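Please keep the structure in view while reading.

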Amino acid sequence: MAQFKHLNELNSFLSMDGENAKGPVPRWQRKLNLSGASTSFNSSALANTSTRQTLSVSMSGNANNTLQLSTTANTIKTPRKNGVKGTASSAKKSSQTPSKGAASNSQGQHGGGDRFIPSRTATDFDLGHYIVKQGTANIEEGDGGGNTENEEGAAGGSTNIPVSPKQSERMKSLSEAMRGCDISKQRLLAFRTKVPAPPEGHVNPLKAIYSVKTPMSVKSGSRYIPNAPERILDAPEIMNDYYLNLMDWSTDNVIAVALGSSVYLWNAATGTIEMLFENEGNDHACSLSWIHEGHILAVGTSAGTVELWDCENMKRLRVMNGHSARVGVLGWNSYVLCSGSRDGTIVNHDVRTRQHNIGILQGHTQEVCGLKWSPDGKYLASGGNDNLVHVWSAAHGAPHAAGEPLHVFNQHQAAIRALAWCPWQPNVLASGGGTADRTIKFWNVANGQLMNSVDTKSQVCGLLFSKTYKELISAHGYVNNQLSIWKYPSMTKQVDLMGHTGRVLQIAMSPDGSTVMSAGADETLRLWNCFAPDPLLAKKEKSAVRDKPSLLKQSLR
């Protein structure tokens, strides 16, 4: 029997067909059992993290081969790939430290972030309670709308009477009057305290000062405009008078300026300065104007006379009378010189003849402080201290105006000293008002219509159209004492040229149209190179114009 038993054991040991129950478990089965164990363990840990559980996983069909998994920290020390990493410690600290899964889950959900913490001091609890009650009352009325008849029959006289729209508006206005605000725009909770709005109809007396924004250069997008003066000259004793015209720039590139009782000439090309003359006593020059072509300077004096000076030979040619008060403005048109005075009249002087007075224009009731002829010589515009702009037509083709004014514009609210004609639209006139008006208006003198009006927020002291660009420059007084460049006709501001500490009294343009000189009440003259031609555009225009190739070059190959 012993040998049979030994033979059976040897056969069973050498048999290859049967199942090897005593050998190790295959790897795929071990992985499968471990993944199932971890899944069941995670689900049980999420269901009850406070209790410790023992998990038994069978590794094979054999009852003797079992793997015991416990939730104690000492059972599994090595990390697993499927998330079983320190299961006991993670189960212990799950309530303290958020896991990655929780973080990713919170990112996918809405409603995260900081809490809205209302401010108790800024919240009106009475108003909020009233709004909530109104909302609940409206909901109850909407829900019980179908049973109103039954409720009326049951309650008798204590029923809800329907409110008419007029009564509801009245109740709404009463509630708004009691609360001092529009209830529909109020919130139940407030985050921060807001500044209370001013009462209706309140006008800030300092609005003229603080409504003007800090001046800064506005990006034009089309060209570069230097916002600093190219040169600054001293102008001591220049008279700070809005109604006088104390500077002019000739076609020979010579600037004449009246300082005190003297008149000086500054050659912009060479930089030389000469004194033309000096008045005696209390007389002084009130206006200066160069003839369009030549070296003749007209000077209006405080005595009511007009003098003609030959600046090449530095001598006076003649003196012309015609006014009873100071002559504050002059305007040339060919050989005719127009002079405007404080007596309200405009006198036409023919400087060629002995009897120079060829006509008097009477339309203004106060001092005439602006005179400008149109580029084609057909119209004369005059502005006065009576807040009126007069447009006079030339008399039968003659270079002087006569008769009654063609148009009278009365839309300005202050004196009009700044006048300018558009060089590419001869029928367009620009006029600027004083401190009480502060607007630039554009007129079509062909039909007498107002084309546009722009509020500049400050006194307008001078206007000039550019010869190079379709732009306009204006000189201003209080508050910023700046020169402003505008696109025409859109009137979008290009840049503000700052520097003067007093109001700009007058501006003049160089013969080539590239430079503007400004005379300020701060006793300085400033040169602004604001209309210089763009070198890139000039280069493009030069390259666009090509010489015609010769026939000889065309024939050769």
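Predicted model: local features only at pLDDT ≥ 70, side-chain atom pairs only at ≥ 80, totals over all residues.

## An aromatic cluster

One aromatic cluster is formed by Trp-424, Phe-442, Phe-465 and Tyr-488. In total, the structure holds 8 aromatic pairs. A pair of aromatic rings is described by the distance of the centres and the angle of the planes.

## Two aromatic pairs

The ring centres of Tyr-379 and Trp-421 lie 6.2 Å apart, and their planes meet at 15°. Because planes under 30 degrees apart count as stacked, this pair is stacked. Tyr-379 has a relative accessibility of 15% and counts as buried. Trp-421, at 7% relative accessibility, also counts as buried, since the cut-off for this class is under 20%.

Phe-442 and Tyr-488, both members of the cluster, have ring centres 5.3 Å apart and planes at 45°, so the pair is tilted. This pair, too, links distant parts of the chain. Phe-442 is in strand β22 (residues 439-444), whereas Tyr-488 is in the loop between β26 (483-487) and β27 (493-497), 46 residues apart. Phe-442 is buried, at 2% relative accessibility, and Tyr-488 is buried with a relative accessible area of 8%.

Strands of a sheet pair through backbone hydrogen bonds, either parallel or antiparallel. Here, 4 strands make up an open sheet with antiparallel pairing, in the order β20-β21-β22-β23. β20 (416-421) and β23 (449-455) stand at the edges; each has a single partner strand, so one side of each is left without a neighbour in the sheet. On average, neighbouring strands of this sheet are turned by 20° against each other, direction ignored.

β20 pairs with β21 (residues 428-433) in the antiparallel sense over 5 bridges. Trp-421 has Leu-429 in β21 as its bridge partner.

## Charges over rings

Two arginine residues are placed over tyrosine rings. Arg-223 lies over the face of Tyr-469, at 4.0 Å from the ring centre. The charged end of Arg-417 sits over the ring of Tyr-242, 5.8 Å from its centre.

In residues 361-393, the end C-alpha atoms lie 11 Å apart, and the span is 0% helix and 58% strand. For residues 497-529, the end C-alpha atoms lie 11 Å apart, with 0% helix and 52% strand.

How values were computed: Residues numbered from 1 in each chain as written. Heavy atoms only, no water. Pairing = 2+ DSSP bridges. Helix = DSSP H or I, 4+ residues; strand = E, 2+ residues; numbered from the N terminus. Axes fitted to C-alpha atoms, helices over the stretch in contact; angles between N-to-C directions. Phe/Tyr/Trp six-rings, centres within 6.5 Å; stacked < 30°, edge-to-face > 60°. Buried < 20%, exposed > 50% of the residue type's maximum accessible area, 1.4 Å probe, protein only. Lys NZ or Arg CZ within 6 Å of the ring centre and 35° of its normal.
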